[in-house]
Amino acid sequence: MKITNEIKKEIIKLKRQGLHINEISKSLCISDRSVNKYSKGFPHPSRKSLIELSDFAKKFSLEKAEILGYLCSEGNDNDFDKRYFIFDNRRGKSYYARSKKNWINFSNTDKTLQDRFIYLMNSVYNYKLKPYKKGSFYIQRRGVVNDLRKYGRFGARKWQVPKILFLNNHEGHALRFIRAYCDGDGTVTNSAIRIDSVNPNSLKILYGLLRKLGFETYYYSYPSRNRISIKSVKKYHKEIDFLHPEKREKLNVITKRTPRVGISEF
């Protein structure tokens with residue numbers, strides 16, 4: 001059946017009304033493939049990946065700063081763009097196809113941090129996530145992915161400290177970011193909070209941010225990694241602390257203080 005301009009317009013009209021591809025194809029007596037081909041530029045109106053962000057989600061809130069900290073330490077960017085041939089059994093022909101996806105994943109096995117990340121994503125983006133195997137979360141909504149990537153990229157060698165954290169009125173945001181980052185990649189020793197990374201450029205920027213906030217911090221370079229050591233453990237305990245249970249307990253021990261919450265948890 002020849003697909004006329006009138007049929008093309010009707011395909012788009014029905015899709016905008018909320019009908020799915022198989023419903024449109026049955027209504028117009030054409031193939032699902034034809035419906036998909038002529039309506040690619042008009043996604044289904046109820047598609048979750050196209051949900052618009054709220055005004056709060058667009059702002060650089062304390063909660064968003066914390067999300068970025070978790071993603072910088074335990075997140076990773078994923079971009080899939082592949083062209084390939086697919087065989088159509090009905091017609092006995094192969095067609096050229098393209099699959100393009102962008103998503104961010106966050107992984108941590110600690111239940112406290114998983115619950116915190118779920119809370120933050122729901123609070124900021126109204127995005128209810130569930131952990132998959134080994135505590136992995138997949139952020140796939142296009143608007144959310146694009147918004148998070150405005151502040152940098154994610155991955156062991158790609159993570160970036162958001163520049164906005166250096167503004168004088170964003171000290172609270174910077175503390176939230178640092179706490180989340182250290183919940184993931186920080187280590188408590190007997191005399192310091194230590195952060196190791198294979199990303200020297202971003203680690204130096206994080207070092208600068210900590211110095212700006214008044215923390216006694218030192219930077220070290222090794223053949224296979226780089227390290228910053230935060231010596232102001234009592235100041236760290238008072239102003240930042242950890243949510244990670246084991247790290248929090250060890251910090252309590254080395255500062256010889258009773259357990260407390262540095263920044264409100266929820």
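Reader: Why is lysine 130 called exposed?

Author: First, a caution: this is a predicted model. Now the label. Lysine 130 has a relative accessibility of 68%. Exposed means over 50%. So lysine 130 counts as exposed.

Reader: Where is lysine 130 found?

Author: Lysine 130 is in the loop between helix 6 (111–125) and strand 3 (136–139). Its C-alpha atom is 9.1 Å from that of glutamine 114. Along the chain, lysine 130 and glutamine 114 are 16 residues apart.

Reader: What makes arginine 153 and aspartate 79 a salt bridge?

Author: Look at the N to O distance. For the side chains of arginine 153 and aspartate 79 it is 2.9 Å. The cut-off is 4 Å between a nitrogen of Lys or Arg and a carboxyl oxygen of Asp or Glu. Because 2.9 Å is within 4 Å, the pair counts as a salt bridge. The general idea is simple: side chains of opposite charge can pair when their charged atoms come close.

Reader: Why can you say that arginine 153 and aspartate 79 tie parts together?

Author: Check where each residue lies. Arginine 153 is in the loop between helix 7 and helix 8, and aspartate 79 is in strand 1 (residues 75–88). The parts are 74 residues apart in sequence, so the pair ties them together.

Reader: Why are arginine 153 and aspartate 79 called partly exposed?

Author: Arginine 153 has a relative accessible area of 30%. Aspartate 79 has 46%. Both values lie in that range, so both residues take the label.

Reader: How many salt bridges does the structure hold?

Author: The structure holds 13. Among them is the one between lysine 111 and aspartate 115, at 2.9 Å from N to O. Both residues lie in helix 6, four residues apart, about one turn of the helix. Lysine 111 is exposed at 52%, whereas aspartate 115 is partly exposed at 32%.

Reader: Lysine 150 and aspartate 147 also form a salt bridge. What makes one exposed and the other buried?

Author: Compare the percentages. Lysine 150 stands at 56% relative accessibility. That is over 50%, so lysine 150 is exposed. Aspartate 147 stands at 4%. Buried means under 20%, so aspartate 147 is buried. The closest N and O atoms of the pair are 3.2 Å apart. Salt bridges can also share partners: they join Glu66, Arg116, Arg176 and Arg179 into one network.

Reader: Now the rings. How many aromatic pairs does the count come to?

Author: The count comes to 12 aromatic pairs. Tryptophan 159 and tyrosine 181 form one that is tilted.

Reader: What makes phenylalanine 177 and tyrosine 181 a stacked pair?

Author: The angle between their planes is 20°. That is under 30 degrees, so the pair is stacked. The centres are 6.5 Å apart, which is the limit itself. Both residues lie in helix 8, four residues apart.

Reader: Last one. Why do strand 6 and strand 7 count as paired?

Author: Five bridges join strand 6 (residues 217–221) to strand 7 (residues 226–230). Pairing needs at least two, so these strands pair. The strands run antiparallel and form a hairpin with four residues between them. Tyrosine 218 has serine 229 of strand 7 as its bridge partner.

Terms used. Residues numbered from 1 in each chain as written. Predicted model: local features only at pLDDT ≥ 70, side-chain atom pairs only at ≥ 80, totals over all residues. Heavy atoms only, no water. Phe/Tyr/Trp six-rings, centres within 6.5 Å; stacked < 30°, edge-to-face > 60°. Buried < 20%, exposed > 50% of the residue type's maximum accessible area, 1.4 Å probe, protein only.
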